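Here are my notes on the model, as numbered points. Please read them with the structure open.

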Amino acid sequence: MAQTIISVKNLTKKYGDFEAVKGISFDVFEGEIFGLLGPNGAGKSTTLEIIETLREKTSGEVIVDGINLDKSPNQIKKIIGVQLQTSGYYPGLKLTELIELFGGLYNEPVKPLELLDMVNLRDKAKAKFKELSGGQKQRFSIATTLINHPKIIFLDEPTTGLDPQARRNLWELVIDIRKKGTTVIITTHYMDEAEVLCDRVAIIDSGKIIAMDSPDKLIDKLVATGFERPKEVKQANLEDVFINLTGHGLREEN
Ligand code: ADP
Ligand code: MG
């Protein structure tokens, strides 16, 4: 049995009278890619930000790598990597300068070029953040999560708004990061993405977890109820056409 690295019990979050998270419990295992899936407003970001120590919870218990959130939030901060919204960067700084700035904040020595290599951005080292394409910005923000060599990284909708090539490229990056032993928690509302990436998912709706398992088992359970998809009449879909025509290569002209 895998080791639990994050344990969430009966977590609730109220914004005024509105209960955004309604008593959810889940465990994340060391080394897995765990997906929080759900429609907009389901409570995904709220849940992540509470675990990341960026938002106060209303009640419940959160333990990260044996550290109790109520007792030592600063200890938790040291072992996690959090992706900022891409609007959170100084647009006029070069990528290497931004990495050095983050290294300073974390009090970690950094090797900007090595980090940029990891996310395939070495040739943009001298570019300013604002000059990057959407996919490049996302890859860069993932690089910044790795600066403090975290045990766990949190990615909140990292592929929203990306084109199909950039999306696939980001999936490979996430898989690479996990291969190095980092646990990944990711939110998405793209089910194809969750199916490719996630070992297990929790489906969250209106602040409650309504299902949790591996994508494969969830699909099997649905099929076992007699569910049948309308028969696919074609061997490919429009996304296959698009990728076939335009290739897997990244398009980042700037
Ligand atoms: P998700 O990330 O799944 O889209 P969120 O966690 O961002 O969902 O939001 C869950 C619910 O809480 C939504 O109804 C949202 O409007 C509400 N909410 C989020 N942040 C705040 C806030 N700071 N104040 C009040 N309501 C909020
Ligand atoms: Mg969100």
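1. Shell around ligand 1. This is a predicted model. The residues around ligand 1 are Tyr15, Phe18, Ala20, Pro39, Asn40, Gly41, Ala42, Gly43, Lys44, Ser45, Thr46 and Arg55. By class, the shell splits into five nonpolar, five polar and two charged residues.

2. Which elements supply the shell. Strand S2 (18-29) and helix H1 (44-51) each provide at least two residues of the shell around ligand 1. The most comes from H1, which gives three residues.

3. A backbone N or O atom of Gly43 sits 2.9 Å from an oxygen atom of ligand 1. For Lys44, a backbone N or O atom lies 2.8 Å from an oxygen atom of ligand 1. Ser45 uses its side chain: an N or O atom there is 2.8 Å from an oxygen atom of the ligand.

4. Burial of ligand 1. How much of the ligand's area does the protein bury? Taken alone, ligand 1 exposes 560 Å². The protein buries 60% of that.

5. Tyr90 is in the loop between strand S6 (80-82) and helix H3 (95-106). Is Tyr90 buried or exposed? Tyr90 has a relative accessible area of 53%, so it counts as exposed, the cut-off being over 50%.

6. Positive phi at Glu157. Glu157 is a residue other than glycine, yet its phi is positive, near 50°. Where is Glu157 placed? Glu157 lies in the loop between strand S7 (152-156) and helix H6 (164-179).

7. Positive phi at Ser206. Ser206 is not a glycine either, and its phi is positive at about 45°. The residue is found in the loop between strand S9 (200-205) and strand S10 (208-213). Why is Ser206 classed as partly exposed? Because its relative accessible area is 45%, which falls between the 20% limit for buried and the 50% limit for exposed.

8. Points to keep in view. For the ligand site, look at Gly43, whose backbone contributes a contact at 2.9 Å, and at Ser45, whose side chain contributes one at 2.8 Å. For the backbone, look at the positive phi values of Glu157 and Ser206.

Conventions:
Residues are numbered from 1 along each chain as its sequence is written. Chains are lettered from A and ligands numbered from 1 in the order in which they are written. This is a predicted model: local features need pLDDT of at least 70, side-chain atom pairs count only at pLDDT 80 or more; totals for chains, interfaces and linings use all residues. Side-chain values use heavy atoms; hydrogens and water are left out. A residue is near a molecule or strand if one of its heavy atoms lies within 4 Å of it. A polar contact is a pair of N or O atoms within 3.5 Å; within protein, one must be able to donate a hydrogen and the other to accept it, and residues adjacent in sequence count only if both atoms are side-chain atoms. Accessible areas come from the Shrake-Rupley method with a 1.4 Å probe; for residues, only the protein chains shown count as cover. Helices (H or I, at least four residues) and strands (E, at least two) are DSSP runs, numbered from the N terminus. Ala, Val, Leu, Ile, Met, Phe, Trp, Tyr, Cys and Pro count as nonpolar, Asp, Glu, Lys and Arg as charged, and the others, Gly among them, as polar. Buried means under 20% relative accessible area, exposed over 50%, partly exposed in between (1.4 Å probe, protein chains only).
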